[in-house]
Amino acid sequence: MSLPSFNPADYPAQLAEKVVRYKRDFAAFDLPEPAVFESTPLNYRLRAEFRMWHEGDRVDYAMFDPADPKRAITLEDFPPAAAPIAAAMPRLRAGLMASEALKRKLFQVDFLATLSGELMITLIYHRPLDDAWQAAAATLAADLGVQLIGRSRKQKIVIGRDWLLEEFELNGRRLRYKQIENSFSQPNGGVNRKMLGWACSQAAGIGGDLLELYCGNGNFTMALAPQFGRVLATEVSKPSVAAAEFSLEANAIDNVTMVRMSSDEISDALAGGREYSRMRDVDLAGYAFTTLFVDPPRSGLDPRTVELARGFDNILYISCNPLTLQENVAALFDTHRIAAAAAFDQFPYTHHLECGLLLQKRTANATQESA
């Protein structure tokens, strides 16, 4: 039994194999040569989760082999972890070992870090958290210089705050994002910056207005907003919408309207369906949409959203699942061609590959030729 190998010497060949598979899987759709954006081979993960393994008085970080899920593999370190996580892991373990209040029935530890160096640690327990825990946790948070959260059934205790402020440079701008505990954020910060840069380069010069679905905390919204006249961004998660609105203010962006709606609902609204109270202050008819941006969940675009996409001249599509991306491209291939492609290696040493496509509407002659 063993953990995955994180050997930087193996990384180039592993990435090359994934790119070959990507090109093969999309060859039927006339995939252009994709731009390939690699990860740093170590210390790339801004999120990490570990079970905590108790043996006698010891408590250790642990992972489990899928082939033998009942046996724990204890860890001294974790090479993929970003620098703030890697530095905190031994210090956190020492603090837990020194405090019965902190280690008793501790089940799991979650880390969330930022490129700008902030760190949040969530300790998850199989017992209620009391005053003794809170006092010990406050001391530990101060010692480590982190935001600390304790969770148990129907309990959440926050030492500090339950969000981080991510900051980094992109195309000469300083972007700021609110990242909330237990909400989605990009796991590989370095590759995420490359994704944002690629998306901006594809959007350059298009103009008009942008519709963005599945915007999350505004990861792409903040980067793309200056490229368009106006942006209508939608997201169904309340915490993510709140985070995106915070980031809009933090980045002084004033051409984005946020709406808490699902992709199905916005598709219905744009098709002239029922009236939605959350859209009452939005003048849909006033938008001149040229571009649709989507970064959907692994399930990809549902049929109704695919039909919505058909009406856009440009579709910028970021996908975490090449299989559902293939299905969506096949459904759009009679109306749209692939104008640009990219591969983003968010998860080195795994089979996962993030893909980016720019789909452009075919001209009448090109449509007839492809029929």
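**Working through the model**

Reply: Start with K154, which is placed in the loop between β7 (147–152) and β8 (155–159). Helices (H or I, at least four residues) and strands (E, at least two) are DSSP runs, numbered from the N terminus. This is a predicted model, where local features need pLDDT of at least 70 and side-chain atom pairs count only at pLDDT 80 or more, while totals for chains, interfaces and linings use all residues. Residues are numbered from 1 along each chain as its sequence is written, and side-chain values use heavy atoms, with hydrogens and water left out.

Me: Is K154 buried or exposed?
Reply: K154 is exposed, as its relative accessible area is 77%. The cut-offs: buried is under 20% relative accessible area, exposed is over 50%, and partly exposed is in between (1.4 Å probe, protein chains only).

Me: What is the phi of K154?
Reply: Near 60 degrees, which is positive in a residue other than glycine. Most residues other than glycine have a negative phi. N43 also has a positive phi, near 55 degrees. N43 is in the loop between β1 (35–37) and β2. With 42% relative accessibility, N43 counts as partly exposed.

Me: New topic. How confident is the predictor?
Reply: The average pLDDT of the protein is 93, and 97% of the residues score at least 70. pLDDT is the predictor's confidence in each residue, from 0 to 100.

Me: Where does pLDDT stay under 50?
Reply: Over residues 367–371. The model has three contacts there beyond four places in sequence. A contact means heavy atoms within 4.5 Å. Where pLDDT is low, the predicted coordinates should not be read in detail.

Me: What about aromatic pairs?
Reply: The count is 19 aromatic pairs. Rings of Phe, Tyr and Trp (its six-membered ring) pair if their centres lie within 6.5 Å; planes under 30 degrees apart count as stacked, over 60 as edge-to-face and the rest as tilted.

Me: Show me one. How do F50 and F78 sit?
Reply: Their ring centres are 5.3 Å apart and the planes are at 85 degrees, so the pair is edge-to-face. It links distant parts of the chain, 28 residues apart. F50 is in strand β2 (residues 47–55), while F78 is in the loop between β4 (68–75) and α2 (83–97). F50 is buried, at 1% relative accessible area. F78 is buried too, at 11%.

Me: Which residues form one aromatic cluster with F50 and F78?
Reply: F6, Y11, Y61, F111 and Y349 are in that cluster along with F50 and F78.

Me: Now Q186. Where is Q186?
Reply: In the loop between β10 (173–180) and α5 (189–203). Q186 is buried, at 10% relative accessibility.

Me: What does Q186 touch?
Reply: L46, R47, N192, N219, D295 and Q346, not counting residues up to four places away in sequence. The side chains of Q186 and Q346 make a polar contact at 2.9 Å. That term means a pair of N or O atoms within 3.5 Å; within protein, one must be able to donate a hydrogen and the other to accept it, and residues adjacent in sequence count only if both atoms are side-chain atoms.

Me: Last one. Why is helix α8 largely enclosed by the rest of the structure?
Reply: Because six of the eight residues of α8 (residues 263–270) are buried. The buried residues pack against β11 (209–213), β12 (231–234) and α9 (303–310).
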